[in-house]
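Keep the viewer open as you read.

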Amino acid sequence: MVSVAEITPVDHSAPGRAARALSMVRRHRVFAAAFGVGAVLRLITMLGYGPAMWFNDSYEYVSVALHPRPHSIRPVGYSFWLLLLKPFHSFTLAIFTQHLMGLATACLIYALLRIKFRLPKWGATLAAAPMLFDAYQIQLEQMVMSDTMFTLLVVGVVTLVLWKRRLSWQAGAVVGLLLALTWLTRSIGLPVLALVVLYLLVKRTGWRPITAVVTASMIPVLAYMGWFASAYGKFAMTNSDGLILYMRTAIFADCNKMHIDKYKEVQLLLLCINDPISERKEYAQWYLWGQGNGDGTGTGEVLHRWGANKKFTEITNDAASAFATRAILSQPGDYLRVVTRDFFRSFNWSRPRFPDESTYSMYEFKTWYEPDESGQPKRLPKWPSYQGGRTDTDAFSYEQGPPETRIVSPWAEIMSGYQKVFFLRGIMLGGILLIGLYGVVVRWRKFGGPVVLPWLGSVGLLLAPAATAEFDYRYVLPAVPLACIAAAITLRKGVTWARWSPRRTSASETTTLRV
């Protein structure tokens, strides 16, 4: 007898990947539509301002990507991203990945609020809307800058921590690695690490996941600090933290109130500013980056007294840190005044031109070329860079072609007009933070519950620059998605699916909830 093997029939009606993807888009059509509009806006931006837009810090990131090394002023995590993309010799590709990061951040916000906290689809989409549609967010993604990567990493950390009711040590290790990348991308990642660890301690997560978070975050950071020590002789992340704090205090520091010993503290005396308080610059950045009069006198920044090439050294940084600490302790009221003033700059209805016209204009979609001294379209600056190089030639070397921003009509006009209307105003951000604060207060028995982590993260990202450096508009943008998450979690019980029903959802219904 011959037996014939049974052939399992193929179900041709089973949906393929494309069908499943289309089904998911249909289920989330509100967010999918918003996502599509956000993607189109980014495409228009790339067409109008290719290959990239530039900020003063951009050139050093490119220089480190060309010549890998620790940088004395800032961590270089973003430069290593540019290094990975270097074989393609395309700033367009680098900027394209940053737009993908912005869209990915919006997806994380939506997924967290929709799946974990079960907000309605329109509510979760609304929380992600500033990330998708804010013109200044899109403009920042078009710049060769680390902020977009930093925002994605921070939102990724918050999403993972809030998603897990009980964080395993494996998930804790992933959180730690993300926190390490956050810290290596921007120095403000250190407070984010401290906030996450504190949250896990209050939540009583357990010693294993917390140990995993700390260990996984510190191994890459300590390795980077060792690399920095091999280049600069100091086990640290930068040689600039004290100098940046010095510029924060320079606008109010009064050496007559600081009781400096002129015989024993000569280094501090060299950092004293002779100008009266009333005649000092309104913005602190001048006292670190200003060119001065060439002799360290007048309204020029006094760091020229140390030598133009010796500003970011261990000796200068330590002296500036000591000076700033003395100024804060001697004049706590003045320090609190400038910090409070800069913190509340984030909540204006309009966007006052601060810190100066040049910096302000770098965040704008222009429809014309900025002229140089000869009246020709302005080229990239010819500042000195690593090993005798120049910033403009470094950018040309990375691109293997002209790296200057090309303003192309009509795309530039579209985004310039869009930017005049579609952005999250500061007073709106203040309202969103107040909603999150309410969510923290009503959950005081649970130490703020899940609201407290994104809310404190958002406030911290606004407060830290005001306390240690100075207000800048690009420092506001990473705080927005966290503020939106906190507000959305706060309001989720006040937003119903259709009719409110006091019946509790069963466990089986929870597991079969379609998202």
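Which helices each supply at least two residues of the lining of the largest cavity? They are α21 (426-442) and α23 (473-476), with helices taken as DSSP runs of H or I of at least four residues, numbered from the N terminus. Before going further, note that this is a predicted model, in which local features need pLDDT of at least 70 and side-chain atom pairs count only at pLDDT 80 or more, while totals for chains, interfaces and linings use all residues. Residues are numbered from 1 along each chain as its sequence is written, and side-chain values use heavy atoms, with hydrogens and water left out.

A cavity here is a set of points, on a 1 Å grid over the protein atoms alone, where a 1.4 Å probe fits but cannot get out; lining residues have an atom within 4 Å of a point. Grid points are joined across faces, edges and corners, and a volume is the space filled by probe spheres set on the points. The count is four cavities of 30 Å³ or more, and the largest cavity holds about 180 Å³. Its lining has 17 residues, and the closest to its centre are S346, R351, L424, G426 and V476. By type, the lining divides into nine nonpolar, four polar and four charged residues; Gly counts among the polar ones.

Now turn to the rings. The whole structure contains 23 aromatic pairs, meaning rings of Phe, Tyr and Trp (its six-membered ring) with centres within 6.5 Å; such a pair is stacked if the planes are under 30 degrees apart. F31 and Y110 are stacked, at 4.3 Å centre to centre with 15° between the planes. This pair joins helix α2 (residues 29-48), which holds F31, to helix α5 (residues 91-116), which holds Y110, across 79 residues of chain. Both F31 and Y110 are buried, that is, under 20% relative accessible area with a 1.4 Å probe and protein chains only.

W54 and Y59 are stacked too, with 5.3 Å between centres and 5° between planes, and both are buried. These two belong to a cluster in which ring pairs link W54, Y59, F91, W383 and Y398.

Charges also sit over rings, with CZ of Arg or NZ of Lys within 6 Å of the ring centre and within 35 degrees of the ring normal. R69 lies over the face of Y386, 4.0 Å from the ring centre, and the charged end of R186 sits over F150, 4.8 Å from its ring centre.

Finally, look at helix α8 (residues 147-163): 14 of its 17 residues are buried, so α8 is largely enclosed by the rest of the structure.

How values were computed
On a 1 Å grid over the protein atoms alone, a cavity is a set of points where a 1.4 Å probe fits but cannot get out, and a pocket is an open set with protein on both sides within 12 Å along at least five of seven lines; lining residues have an atom within 4 Å of a point. Rings of Phe, Tyr and Trp (its six-membered ring) pair if their centres lie within 6.5 Å; planes under 30 degrees apart count as stacked, over 60 as edge-to-face and the rest as tilted. Buried means under 20% relative accessible area, exposed over 50%, partly exposed in between (1.4 Å probe, protein chains only). The expected span of a helix is 1.5 Å times one less than its number of residues.
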